Amino acid sequence: MAKQETPPPAEAGAIAGAASARTVWFARLPNLLTGFRVFVIPLVIGLLLWDGQASNQAAACLFIVAGITDVFDGLIARRYGSGSQLGIFFDLVGDKLVVAALVITMVELAWIPGWIAVGFIGREIFVMGMRAYAGAQGVTVSAGQLGKMKMMWQYMGLTALIWDRVPLTWALVMFALAMTIASGLYYLVSVTRELRGRPAPDVPDPL
């Protein structure tokens, strides 16, 4: 039986160093992907304002790539334990900026009525306010699977709308809006349940 050779100390150190550098790079990747989503916002908006078939389809491709990065940054952060409070904040804000900028541009282009944009953006402002208030009370509530499904349907519906405005596209957008509102109501109920019975911050505890 052949004896397994042990690599020299210098070679073993180089291997360990390469593995450590690769781990550090993957640990930073979620924040880089979030930064990419924010970076593509002006590119997508510029392509939409050009308002040609080729530019719209290019914008749709960029937007769907941004959606894919939204999935992978969370998976990588959990895999390498690289999640941080600042990273989570930038991830949440990045998603909201992408969607808000997109629907505002669509209203400007008369692709959607203003009340649809109010539904999308109003939900995000409301949930961020609720999250901030709950966090000040020491309560953390996840949006859960409904929140993840909401984001997925937003990307699908808005991407389809960018690509072509046909009846099926409008059905996707309306379903995405319904999921957006439903996830906001779910978050409201969850936060209310967690805060029930707690005194308001400016009310002293009873003696």
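Modeller: Phe 63 and Tyr 155 are both buried (under 20% relative accessible area; over 50% is exposed and anything in between partly exposed, using a 1.4 Å probe and protein chains only). Keep in mind that this is a predicted model, where local features need pLDDT of at least 70 and side-chain atom pairs need 80 or more, while totals for chains, interfaces and linings use all residues. Numbering runs from 1 along each chain as its sequence is written, and side-chain values use heavy atoms, with hydrogens and water left out.

Those two residues make up one of two aromatic pairs in the structure (ring centres of Phe, Tyr or the six-membered ring of Trp within 6.5 Å; planes under 30 degrees apart are stacked, over 60 edge-to-face, the rest tilted). Their ring centres are 4.7 Å apart with the planes at 40°, so this pair is tilted. Phe 63 sits in helix H2 and Tyr 155 in helix H5, so the pair ties together parts that are 92 residues apart in sequence (helices are DSSP runs of H or I, at least four residues, and strands runs of E, at least two, numbered from the N terminus). The other pair is Trp 153 with Phe 175, which is edge-to-face at 4.7 Å centre to centre and 75° between the planes. Here Trp 153 comes from helix H5 and Phe 175 from helix H6, so parts 22 residues apart in sequence are tied together. Phe 175 is partly exposed, at 39% relative accessible area.

Now, back to Phe 63 and what it belongs to. It's one of the residues with the most contacts inside the largest nonpolar core, a group of 28 that also includes Leu 48, Leu 102, Val 103, Met 106, Leu 158 and Ile 162 (a core is a set of buried Ala, Val, Leu, Ile, Met, Phe, Trp, Tyr and Cys residues joined through side-chain atoms within 4.5 Å). Helices H1 (9–50), H2, H3 (85–108), H4 (114–136), H5 (144–163) and H6 (167–195) each put at least two residues into this core. Leaving out residues up to four places away in sequence, Leu 102 touches Phe 63, along with Val 44, Ile 45, Leu 48, Leu 158 and Ile 162 (heavy atoms within 4.5 Å). Apart from this core lies another of eight residues, including Met 130, Ala 134, Val 141 and Tyr 187.

There's charge to look at too: a search of the whole structure turns up three salt bridges (a Lys or Arg side-chain nitrogen within 4 Å of an Asp or Glu carboxyl oxygen). Lys 96 meets Glu 124 at 3.6 Å, N to O; Lys 96 lies in helix H3 and Glu 124 in helix H4, so this bridge ties together parts 28 residues apart. Glu 124 is buried at 6% relative accessible area, and Lys 96 is buried at 13%. Arg 123 also bridges to Glu 124, with the closest N and O atoms 2.8 Å apart, and Arg 123 is buried at 7%. Lys 150 meets Glu 124 at 3.2 Å; Lys 150 is in helix H5, so that pair ties together parts 26 residues apart. Lys 150 is buried at 2%. Through shared partners, Lys 96, Arg 123, Glu 124 and Lys 150 join into one network.

Zooming out, the protein has six helices and zero strands, and 35% of its 207 residues count as buried.
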